Amino acid sequence: MAGTALKIVRFLGEAPKISPELLPETVAQYAFNLDLSSGDLLPYRRSEEVATLDKVGTVKTIYPMTDPGDGSLKWLHWTSDVDVATAQIEGDDTQRIYYTGDGAPKVTNYAMATSGTQFPTTSYTLGLPLPTATPIATATAFAEKISSTRARDAGGTATIVTTVAHGLTTGDYVTITGFATAGYNLTNAQVTVVNTTTFTYFTFGAAEGTTADGTGRVNLAGIIDPRTYVFTYYTAWEEESVPSEPSAAVFVKEGQTVTITGLPATWTHGAGYQTTDMMVRIYRTVLGVEGTEYFRVGEVTLGTTSFVDEFDVSLLDADTLLESLDYDQPEANMQGMLTIHNSMIVGFFGNTLCFCEPGKPHAWPIKYRQQIDSTIVGLGAFGTTLIVLTDKTPWKVDGNNPEAVSLARTDYVLPCVSKRSIVNIGFGVMWSSTGGMAVYSTTIGTDYITKNVHSWTTWPEAVTPAGVVGKYYRGRYFGSDGTNTFLFERNDQVGGHLVQTDVVFTAAHYLPATDAFYYVDSSKVHLWNSPNVGPSTLDWKSKVFTTKQFINFGAARIIADYSTPEGEAALVAENAAIEAANEAVIAAGLEGGAMGEDDVGELILAGSRLTPLAVPEFNATFQFFVNKQLVYSSVIYNDQPFRLPTGYRSDTFEVRVATTARVRAIHLAETVSGLRGT
């Protein structure tokens, strides 16, 4: 008889909360450096160092910008917790970003951020302050004008020439009196200006040629209305401030000239703002169907302290309406900036949730602010839902416009203990909480998504919950507390895949367009699972298998890809890169380190600065445990069966395999012939 046999396939990750004896069949006690998406034990590739950062201290945030010349990545980095948001700005190809966490909220672009060292090198303070100057409006009285000639064509268009400049603008309404000839005298005639002394208007009467006539009198028509003026700052990036305090009212007729003075001669709001090519826009009140509103009548460069308003009201339209009445600057202590749907960006401070004006990342109207009943820790979003995570209960925010959003508190107390752990995982938002990784999604609601693999006891033993930094990677949650690192993937059938890895990071960034996960360890940026290097060493230990009877497993077989073209090609490419780097070191005469020094000042003895070549190790180290004691360990080089120790009988067994190869199955049997049935 073949006897008892065991075949392990469709490998799964860890479930630390479950006793090793009670784990499901292929769930591991220990799963390390492996991708379980196929069901095989597939090692991740090793990491590749791609950049060195130049700021001193622990880097907590990285963000890449693309060199428009060669396509290389330039790494913005901070030693503080920074949140970066992008916006849809029409016509902008400068890689403009907005961020919080480095002092007051800021904005920068590629040229500014990479203009020196320690990226971002320069930036602007986000938003524009309230102007402190108040404009002064002075009306110039309209002097009655006297005609010198008159004329009228066959179509009824009268032409009047005045003895001096008439001071009118096309569209003005005038009252004309004094002419003895019929039809020329008219109230509320709208004029078209020909030149400084000539204008036309429509009348009824017979045609006549140009006739000398000094009896006509021209005055502005209409009633006297009060008018006030305000000004705003306007940047080269088309960002506009809230308006100044209004001027004192002047009482004028439409068409009367008003001079505006008191405009700012210099920038008085401190450094850090975008003042290059800044304009000052001037607005005046106009009485319309919806009440009195401000319309733009002109603009001057910052430093021009006066402006003459001769603008005709008939030329004003909706494009000149003052829109920035509520474009408040964001709070200096706002953090957590996050781009969401409908061209909105959100942030928070304390227990206050903030929204920008849709499509206007510099404008954060106070009227849009919402208060939460707990201290906000961070924000997450998926689809059209915003999740506000607090030190107590999550809140759900829905709505397509900040003027009409709805807030609802969820029922489950799931505090967020690490702002940097918040990740949009595709089906919802995940974050580190006190009892595991928590989640909110439309299908799950609020819950601990790791509840099948971690308990309240094992979670804080595995990581420091408050120190977790998380990012998205291929549908997985990739988290590290700087010492311990894990990947978790949702799986409703088995409760989720959980594996560990040997990399640690304090900051990370995922680029979905290239499927590239970058992380920072110390001052180095690494590409995780790089296609340019060989595989890492995976390590997987099975559950404790128990048999119904005491037996002796006497044979085993490890089905694995001990040699693969892609694996060998990666090693060839890696060694070619190592050889090129070594040749550069040799050419520079730096291959030998002197006694007593190395590159970091530590003691060495005739050390070498050459990097050794990578050695292919497509084999598997196999360990076999009986009664939880290691009884066999060997390196396996092929798929052939091999014998295990004899002389014992037990009902408790475990296996462990460590390899750079892809493992497809592990077979155990009492005899070699018994392996045929597995």
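Colleague: Before we dig in, what do you call a pocket?
Modeller: A pocket is an open set of grid points where a 1.4 Å probe fits, with protein on both sides within 12 Å along at least five of seven lines. Bear in mind that this is a predicted model.

Colleague: OK, how much space lies in the second largest pocket?
Modeller: The second largest pocket holds about 510 Å³. It is lined by 22 residues, and the closest to its centre are Tyr-234, Glu-238, Glu-239, Gly-359 and Lys-360.

Colleague: And how does that lining divide into nonpolar, polar and charged?
Modeller: The second largest pocket has ten charged residues in its lining, along with nine nonpolar and three polar ones.

Colleague: What about the largest pocket, what's its volume?
Modeller: The largest pocket comes out at about 1,300 Å³. Its lining takes in 40 residues, with Val-84, Leu-338, Ile-422, Lys-471 and His-509 the closest to the centre.

Colleague: What classes of residue make up the lining of the largest pocket?
Modeller: For the largest pocket, 22 lining residues are nonpolar, twelve are polar and six are charged.

Colleague: Which strands supply at least two residues of that lining?
Modeller: Among them are strand 6 (61-66), strand 8 (83-85), strand 28 (335-339) and strand 40 (469-473). Strand 44 (507-511) is another one of that group.

Colleague: Switching topic: how many salt bridges did you count?
Modeller: The count is 31 salt bridges. One of them pairs Arg-476 with Asp-35, with the closest N and O atoms 2.7 Å apart.

Colleague: Where do Arg-476 and Asp-35 lie?
Modeller: Arg-476 is in strand 41 (residues 476-480) and Asp-35 is in strand 3 (residues 34-35), so their pairing ties together parts that are 441 residues apart in sequence.

Colleague: Is Arg-476 buried or exposed?
Modeller: Arg-476 has a relative accessible area of 6%, so it counts as buried, since the cut-off is under 20%. Asp-35 is buried as well, at 7% relative accessibility.

Colleague: What about Lys-74, which residue does it form a salt bridge with?
Modeller: Lys-74 pairs with Asp-67, and their closest N and O atoms are 4.0 Å apart. Lys-74 is partly exposed at 25% relative accessibility, while Asp-67 is buried at 16%.

Colleague: And which parts does the pair of Glu-654 and Lys-541 tie together?
Modeller: Those two side chains meet in a salt bridge at 3.6 Å, N to O. Glu-654 is in strand 53 (residues 650-659) and Lys-541 in strand 47 (residues 538-541), so the pair links parts 113 residues apart in sequence. Both Glu-654 and Lys-541 are buried.

Colleague: Last one: which residues do salt bridges with shared partners join into one network?
Modeller: Asp-40, Asp-561, Arg-662 and Arg-664 are joined that way.

Methods. Residues are numbered from 1 along each chain as its sequence is written. This is a predicted model: local features need pLDDT of at least 70, side-chain atom pairs count only at pLDDT 80 or more; totals for chains, interfaces and linings use all residues. Side-chain values use heavy atoms; hydrogens and water are left out. On a 1 Å grid over the protein atoms alone, a cavity is a set of points where a 1.4 Å probe fits but cannot get out, and a pocket is an open set with protein on both sides within 12 Å along at least five of seven lines; lining residues have an atom within 4 Å of a point. Grid points are joined across faces, edges and corners, and a volume is the space filled by probe spheres set on the points. Helices (H or I, at least four residues) and strands (E, at least two) are DSSP runs, numbered from the N terminus. Ala, Val, Leu, Ile, Met, Phe, Trp, Tyr, Cys and Pro count as nonpolar, Asp, Glu, Lys and Arg as charged, and the others, Gly among them, as polar. Buried means under 20% relative accessible area, exposed over 50%, partly exposed in between (1.4 Å probe, protein chains only).
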